[in-house]
Amino acid sequence: MREIVLDTETTGFDPVTGDRLAEIGCIELENHIATGRNFHRYINPEREMPDAAFRIHGLSTAFLADKPKFAAVADEFLAFVGEDPLVIHNAEFDMKFINYELEKAGKRAIPFQRAIDTVKMARTKFPGSPASLDALCKRFNIDNSNRTLHGALLDAQLLADVYLELLGGRQTGLTLAADDAGTGDMNFAKRAAARSDRPVREPRLFAPTAEELAAHAAFVAKLKDPVWLQ
């Protein structure tokens with residue numbers, strides 16, 4: 001089963017009032033295990049970055065000025081996510097921006113039904129408790145000490161850990177590696193990119209081998225009225 005853990009950074013809260021995407025980060029999971037494949041792009045939002053947004057993610061107007069516009073990466077993004085479920089923290093927010101950008105680029109919107117909202121999962125599992133990404137990292141003892149600023153790729157990797165804990169237990173293959181500290185646009189970019197190089201465990205295969213099937217058939221043949229044959 002393939003899933004895509006996705007996060008975005010934006011210039012504000014609502015594309016209808018002129019806000020735009022500034023960053024997209026996606027992590028591929030197979031059978032709930034990271035494969036090492038990711039999609040990460042900074043986006044030229046075609047507008048000035050408000051100070052309030054800059055203080056959250058550290059992406060300045062100057063840093064994004066030479067980055068591609070969303071229309072230039074839309075096909076690559078759609079090819080990466082395919083038709084698979086999208087794991088998103090507060091899915092309504094990110095899907096609103098993604099579909100606005102897709103429609104603006106002349107592409108079809110992604111059905112909201114494809115989104116798995118981890119905020120809703122957390123509130124169902126822990127009613128009345130904080131459901132922010134930082135709060136869930138603290139609850140599950142996930143190291144988010146490098147999250148001095150929000151970043152789409154880093155947040156997607158943290159969310160992948162949180163998502164698996166919400167499902168019942170995090171796989172060790174998703175543990176984040178430590179990284180050098182730093183500040184500013186370029187150091188922020190390096191910190192986010194470095195986390196895509198962590199060791200990855202291959203997805204497990206759950207299908208039985210031919211030898212296992214033969215051994216099971218031989219075992220069942222020795223039983224009296226086995227339930228497997230009813």
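Predicted model: local features only at pLDDT ≥ 70, side-chain atom pairs only at ≥ 80, totals over all residues.
Residues are numbered from 1 along each chain as its sequence is written, and side-chain values use heavy atoms, with hydrogens and water left out.

**Figure 1. Overview of the protein chain.** The secondary structure comes to nine helices and five strands; helices (H or I, at least four residues) and strands (E, at least two) are DSSP runs, numbered from the N terminus. Along the sequence, the pattern is β-β-β-α-α-α-β-α-β-α-α-α-α-α. Of the 230 residues in the chain, 44% are buried. Here buried means under 20% relative accessible area, exposed over 50%, and partly exposed in between, with a 1.4 Å probe and protein chains only. Contact means heavy atoms within 4.5 Å; among contacts between residues at least 6 apart in sequence, 66% join residues at least 24 apart.

**Figure 2. The buried side of helix H3.** The buried residues of H3 are Phe70, Val73, Ala74, Phe77, Phe80 and Val81. They cover an arc of only 140° around the axis, so they lie on the same side of H3; the arc is that of the directions from the helix axis to the C-beta atoms. On the other side of H3, Ala72 and Ala79 are exposed. The buried residues of H3 pack against strand E1 (2-10), E2, E3, strand E4 (86-88) and helix H4 (91-104).

**Figure 3. Aromatic rings around Phe39.** Ring pairs link Phe39, Phe70, Phe77 and Phe80 into a cluster. Rings of Phe, Tyr and Trp (its six-membered ring) pair if their centres lie within 6.5 Å; planes under 30 degrees apart count as stacked, over 60 as edge-to-face and the rest as tilted. A search of the whole structure finds six aromatic pairs. One of them, formed by Phe39 and Phe80, is tilted, at 6.0 Å centre to centre with 35° between the planes. Because Phe39 lies in strand E3 and Phe80 in helix H3 (residues 70-81), this pair ties together parts that are 41 residues apart in sequence. Both Phe39 and Phe80 are buried.

**Figure 4. Charges over rings.** Arg41 lies over the face of Phe39, at 4.7 Å from the ring centre. The charged end of Lys67 sits over the ring of Phe63, 4.0 Å from its centre. A charge sits over a ring if NZ of Lys or CZ of Arg is within 6 Å of the ring centre and within 35 degrees of the ring normal.

Figure 5. Ile43 is placed in the loop between strand E3 (33-42) and helix H1 (51-57). At 1% relative accessibility, Ile43 counts as buried.

**Figure 6. The largest nonpolar core.** This core has 24 residues, and those with the most contacts inside it are Val5, Leu29, Phe140 and Val162. A nonpolar core is a set of buried Ala, Val, Leu, Ile, Met, Phe, Trp, Tyr and Cys residues joined through side-chain atoms within 4.5 Å. Helix H7 (152-167) is among the elements that give two or more residues to this core, and H7 gives the most, with ten residues.
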